Amino acid sequence: MAARSRSSETTESVARYYADLTGEYEAYGGAARSWNYGVWEPDVRTHQAALQRGKEVLLRDLEVGPGTRVLDVGCGSGGFAVWCASQLGCRVTGLTICEEHVELAREHALEAGVADRCELLRMDMYRLELADQSF
């Protein structure tokens, strides 16, 4: 299958869209720093808990630990990446096309004490510049 591509103009337009909505995303995600849907299992009672459970469900039944490398494509402000590194001890590479989000994610990783395990990069998922078989 041929790799998808998009023009740099489109990439910049999408990056600007996400940058413009940063405040709304941060308000929605709160302390969980999740910008996705929450998972509402029977024991989940709050929006923040549902967002947190979403992170847990992504890795359910996987063995993730200090020797694991995780790739978080579309990492936003780093909520999932930082959580993985801090809770599971793994190394995480987070990608976003929005420079503002890279900076937020790096700050979050530093605050959480896992900056050494989180590589947070501005990169288009359609133009990956990562070594083969590195995750």
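1. Tyrosine 25 is buried, with a relative accessible area of 19%. Buried means under 20%, exposed over 50%, and partly exposed in between (1.4 Å probe, protein chains only). This is a predicted model: local features need pLDDT of at least 70, side-chain atom pairs count only at pLDDT 80 or more, and totals for chains, interfaces and linings use all residues. Residues are numbered from 1 along each chain as its sequence is written, and side-chain values use heavy atoms, with hydrogens and water left out.

2. How many aromatic pairs are there? The count is four. Rings of Phe, Tyr and Trp (its six-membered ring) pair if their centres lie within 6.5 Å; planes under 30 degrees apart are stacked, over 60 edge-to-face, the rest tilted.

3. Tyrosine 17 and tyrosine 18 pair edge-to-face, at 5.2 Å centre to centre and 75° between the planes. Tyrosine 17 is partly exposed, at 45% relative accessible area. Tyrosine 18 is also partly exposed, at 34%.

4. Tyrosine 25 and tryptophan 35 are stacked: 4.7 Å centre to centre, 10° between the planes. Tyrosine 25 lies in helix H2 (residues 22-29) and tryptophan 35 in the loop between H2 and H3, so this pair ties together parts ten residues apart in sequence. Helices here are DSSP runs (H or I, at least four residues), numbered from the N terminus.

5. Tyr17, Tyr18, Tyr25 and Trp35 form one aromatic cluster.

Conventions
Helices (H or I, at least four residues) and strands (E, at least two) are DSSP runs, numbered from the N terminus.
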